[in-house]
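This report is a guided reading for someone meeting the structure below for the first time.

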Amino acid sequence: MKVLFATSEAVPLVKTGGLADVSGALTTALRAAGVDLRLLMPGYGPVIEWIEGRAETIAEFGFSPFPRARLLSAAMPSGTPLLVIDCPELYARAGGPYHQPGGDDWPDNDVRFGLLSRVAAALARADSPLDWRPDVLHCNDWQTGLAPAYLAHQPGAHAPVLLTIHNLAYQGIFLPGSLTRVGLPWAAFRVDGVEFYGKVSFLKAGLHYADRLSTVSPTYAREIQHEPLGFGLQGLLSWRSKQLTGILNGIDTGIWNPATDEMIPRRYKAATLARKNDNKRALQERFGLEPSVSTPLLGMVSRFTYQKGQDLLLAIAERVLELPVQLALLGAGDPQLENAFRDLALRHPGRVGVQVGFDESLSHLIEAGADAFLMPSRYEPSGLNQMYSMRYGTPVIAHATGGLVDTITDHSPAAVASGTASGFLFHEPAAEAFYGAIGRAVEVFHNRRVWRQMQRRGMDSDFSWDAAAADYLALYRDMAPPA
Ligand code: ADP
Ligand code: GLC
């Protein structure tokens, strides 16, 4: 099985969120399962820096109206074969993959990700310039959504396309003029095409033209077929429901393993959970929190944005602190949320620690040092942090949505009796419901026997990529049956 995996980010080279984790780890797992896979991504600065001196040019493209580009062949640090689109005019810029240093979107994101899609399509065609032809083109999110549109609007044989939705809220919507900027014919500008309420939608295009669709948890696959989580695309998604599957993400259990994690001061496993308190002390010290083992310490690591529901925490923060608890928060994003959390920390020194920014190693310390982890996400296609947390013996307090439902078993008398309870779920994305769940967790925290049982339950769960890789492989085989 040969698969071209097209993505706009992948660890460890470029990461803004979970898509990068998935692109890095799923591709590794698929290769281990025997898939001949190549990862395709744009040549942003850090990518070019990594492949410098170990890449060769294997094709050149002059797709009108895009600038000329070279295709470089190299390998990821993991060894996964890597194809890089070298087009400095579009990708070699200071700033993020999607945003300028000031935070605004790059004004030519249509062209930047149009080219990514265009190249993915070219490599999936029978007349590809490469000898290596994929059996399946696996696209991810709106950034690669135009690939099946290009294939549909050009005559000639090509591999079938799977589009995986990691987040339906980001759709890649541009003015109609984008169509000419990315070289698609006006014939594509139709309701059964790339048109979405008078604009061009890259994601809608992918959802319409791809042969198969998947998303990153079974619950989210159902939720997006209805309002409000369908974000306007629920009609199309329910119409295509027979071609839509939910495959739950895994996590990189090599990177996220409390028994071997070199980013935390004290390593531990289920049998040595008492050592986790050393990490709690280190986390309290790091944030200038009062050293106390008996006060529950609640952690959060997340993009600060409406999706993740941090505003719900802000609404109840004063009352939550009186339970009493301590808070250790890491995140960046919405400047208003960043400032509100900074203020909260200033008002409650010794009780609330906040770091604004992106910090991989602090994220490990929070997973290891916190007693419980907060995920009040309004929606969560899969979510990775709840799985990291559970593996670190840190039960999660979460809104019952998407992948959070598929990974966490709510604390209830029945779940405690059967030993399956692993976290605390609340059912309305509302501050009061969240407050109730935190209250329940704090109560259980002081019941050491049940708390330990919940911690161990999470640590024993299998969140490896093996199951997901097997499901993707079965899906690929279904799309491109072996001859
Ligand atoms: P999403 O992709 O929606 O942001 P996920 O839970 O799938 O959510 O993945 C988020 C990933 O990004 C996790 O690996 C998480 O630890 C990481 N992350 C998010 N914000 C930060 C941050 N400020 N510092 C370090 N890691 C972060
Ligand atoms: C998105 C989602 C997140 C998911 C990640 C990887 O960013 O918000 O829930 O885990 O993609 O699939």
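## Ligand 1 and its surroundings

A backbone N or O atom of aspartate 359 lies 3.0 Å from a nitrogen atom of ligand 1, a polar contact in the sense used here, namely a pair of N or O atoms within 3.5 Å, where within protein one must be able to donate a hydrogen and the other to accept it, and residues adjacent in sequence count only if both atoms are side-chain atoms. Taken alone, ligand 1 exposes 560 Å², and the protein buries 93% of that, with areas from the Shrake-Rupley method and a 1.4 Å probe, and with only the protein chains shown counting as cover for residues. A nitrogen atom of ligand 1 is also 2.8 Å from a polar backbone atom of glycine 357. The elements that give two or more residues to the shell are α1 (18-32), β13, β14 (326-333) and α14 (385-391), and β13 supplies the largest share, 3 residues; helices (H or I, at least four residues) and strands (E, at least two) are DSSP runs numbered from the N terminus.

Around ligand 1 there are 20 residues, of which Gly18, Arg303, Lys308, Gly357 and Leu384 come nearest, a residue being near a molecule or strand if one of its heavy atoms lies within 4 Å of it. These shell residues divide into 5 nonpolar, 9 polar and 6 charged, where Ala, Val, Leu, Ile, Met, Phe, Trp, Tyr, Cys and Pro count as nonpolar, Asp, Glu, Lys and Arg as charged, and the others, Gly among them, as polar.

## How the model is described

This is a predicted model, in which local features need pLDDT of at least 70 and side-chain atom pairs count only at pLDDT 80 or more, while totals for chains, interfaces and linings use all residues. Residues are numbered from 1 along each chain as its sequence is written, chains are lettered from A and ligands numbered from 1 in the order in which they are written, and side-chain values use heavy atoms, with hydrogens and water left out.

## Lysine 308

Lysine 308 lies in the loop between β13 (297-304) and α11 (310-321), and at 13% relative accessibility it counts as buried; buried means under 20% relative accessible area, exposed over 50%, and partly exposed in between, with a 1.4 Å probe and protein chains only. A polar side-chain atom of lysine 308 lies 2.8 Å from an oxygen atom of ligand 1, and its side chain makes a polar contact of 2.9 Å with the side chain of glutamate 380. Apart from residues up to four places away in sequence, lysine 308 touches Ser302, Arg303, Pro376, Ser377 and Glu380, contact meaning heavy atoms within 4.5 Å.

## Ligand 2

An oxygen atom of ligand 2 is 2.7 Å from an N or O atom in the side chain of histidine 166, and a backbone N or O atom of glycine 383 lies 2.9 Å from an oxygen atom of ligand 2. Taken alone, ligand 2 exposes 310 Å², of which the protein buries 93%.

## Nonpolar cores

The largest nonpolar core has 98 residues, and those with the most contacts inside it are Leu40, Leu71, Leu115, Leu137, Val194 and Leu207; such a core is a set of buried Ala, Val, Leu, Ile, Met, Phe, Trp, Tyr and Cys residues joined through side-chain atoms within 4.5 Å. Helix α4 (residues 109-124) gives the most to this core, with 10 residues. A second, separate core of 37 residues includes Met300, Val320, Val325 and Ala415.

## Loops and backbone features

Proline 296 sits in the loop between α10 (276-286) and β13, and it is buried, with a relative accessible area of 3%. Two other prolines follow cis peptide bonds: the bond from serine 64 to proline 65 has omega near 5°, and the bond joining glutamate 227 and proline 228 has omega of about -5°.

Tyrosine 197, in the loop between β9 (195-196) and β10 (199-201), has a positive phi of about 50° although it is not a glycine, and this tyrosine is exposed, with a relative accessible area of 70%.
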